[in-house]
Amino acid sequence: PTDFYSELTNQRVMQKERADSVTGKKVVLPDLDTSALQATRTLYYEDVNLVTCTAKLLGYHKNALIFDQTIFYPEGGGQMNDAGKVKAGEWEFDVVDVQRQGKVVLHFVEEKQASHFLHLKQGQTVVLELNVQRRKAIMKHHSATHMLLGTCRDYFGNHVWQAGSRKDEDEAHLDVTHFEKTTLEDIHELERRVNQAIASAIPIEVLHLPRKEAEQQYGMRVYQGSGAVAQVLRIIKIPNVDTEACGGTHCHNTAELGFFKIKSTEQIQDGVIRFRYCCSLVALKYLQEQEALFQQTADTLSSSRFDLPKISAKFLEEWKEQRKEIEKIREELAASISREQIAAHSSDKKVELKVDLPASLVEKIADMIGKQEGFTAVISNSEGFVTVACNETSGGNAMELLKAMGGKGGGSAKFARGKLTS
């Protein structure tokens, strides 16, 4: 359709807004007109392994630096920004955020460091240094996102479509269209297939194809990711796994991901499942944390990790039995209090009592007394919960008594419960 590409762009904007709402990150770009500035040369596309380079300072605005070229990837397409350092003579700046505004890449530094910009000169040569660990982790998570998406489509069916994603240093998440909750069996199979593709050492190809040619070869699914809609599309192809337009940084080979682990899944809205996952050393750290948690639990229960299911089942059964016993004792306590109050008020048949007991027992006591002919019971506890019970021969109205006490709640003429407001 004629409006397909504009609608696709609108969906990308909505996905970005959803991602901002989840992460709490709301980027406010400075009031800077970049239209007259030289376009930033993006070296991360020319050589993704480039970790340092020189650049000319074109200018600065507030706490953002602008260079003629950069190795820093700006946030975009669900991929978080690179970080690192800028060295200018004796001055050093920490790059904490990178954003694209038009054709220019803005490098944001710590605000307290911006006062040193006065020592910089337009046109001077500076050195850019990338936080390599962060870049590599994000690259692996981005490539893993493509692999998981293709695997989900192959496993669940062709109804699977990407609904959003976020790729960061510590983990990534992928939202896909799917109308059933995932089971542990689903998770294990998806992990097995992705890790099999990693072990197969599949080359990850970067192609630049005319839009129509890309659509003819790969269909409209090529737009399921976050690649810019342009006349020439940058295509990330992982043969027999996934192919889509994408503007992010990626590994050269699936083997670089090392290991893939799904951390959790959840249904974030009707028909959309979110997968949280991690790769490589990040995945190892996650598994070690889980292992430590299991060991801590086992030590608390004086058991081994391997016996945890059996020990946990035993404790659960014991807890259920103890709960039944406690409930039985509570029932007996409520009955005992009721008998005492009925005997003590056999003449006036009006019981007003405050007890240090939970709401469930307050109700039981009031109910037992209210079943006696002519009796009215007003039972409350220290938390302000009150129950009123009026026998049908008492002439009283439980709801009216509750309101007269300043209580708010509900019920009937025979039985009412609520909370005291004063």
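**Close-up views of a predicted model**

**View 1. E191 in helix α4.** E191 sits in helix α4, which spans residues 184-199. The model shown is predicted. E191 is buried, at 9% relative accessibility. Its side chain makes a polar contact of 3.2 Å with the side chain of K261. Leaving out residues up to four places away in sequence, E191 touches F260, K261 and I262.

**View 2. The R134–D168 salt bridge.** The model holds 21 salt bridges. One of them pairs R134 with D168, with the closest N and O atoms 3.4 Å apart. R134 belongs to helix α3 (residues 132-156) and D168 to the loop between β9 (162-167) and β10 (172-177), so the pair ties together parts that are 34 residues apart in sequence. R134 is buried at 13% relative accessibility. D168 is buried too, with a relative accessible area of 16%.

**View 3. The K263–E171 salt bridge.** K263 pairs with E171, and their closest N and O atoms are 2.8 Å apart. K263 is in strand β14 (residues 260-269) and E171 in the loop between β9 and β10, so this bridge ties together parts that are 92 residues apart in sequence. K263 is partly exposed, with a relative accessible area of 24%.

**View 4. The E363–R417 salt bridge.** The side chains of E363 and R417 meet at 2.6 Å, N to O. Helix α8 (residues 359-370) carries E363 and strand β20 (residues 415-420) carries R417, so the pair ties together parts that are 54 residues apart in sequence. E363 is partly exposed at 23% relative accessibility. R417 is partly exposed at 38%.

**View 5. A salt-bridge network.** R134, R166, D168 and E169 form one network, joined by salt bridges that share partners.

Definitions and conventions
Residues are numbered from 1 along each chain as its sequence is written. This is a predicted model: local features need pLDDT of at least 70, side-chain atom pairs count only at pLDDT 80 or more; totals for chains, interfaces and linings use all residues. Side-chain values use heavy atoms; hydrogens and water are left out. Helices (H or I, at least four residues) and strands (E, at least two) are DSSP runs, numbered from the N terminus. Buried means under 20% relative accessible area, exposed over 50%, partly exposed in between (1.4 Å probe, protein chains only). A polar contact is a pair of N or O atoms within 3.5 Å; within protein, one must be able to donate a hydrogen and the other to accept it, and residues adjacent in sequence count only if both atoms are side-chain atoms. Contact means heavy atoms within 4.5 Å. A salt bridge is a side-chain nitrogen of Lys or Arg within 4 Å of a carboxyl oxygen of Asp or Glu.
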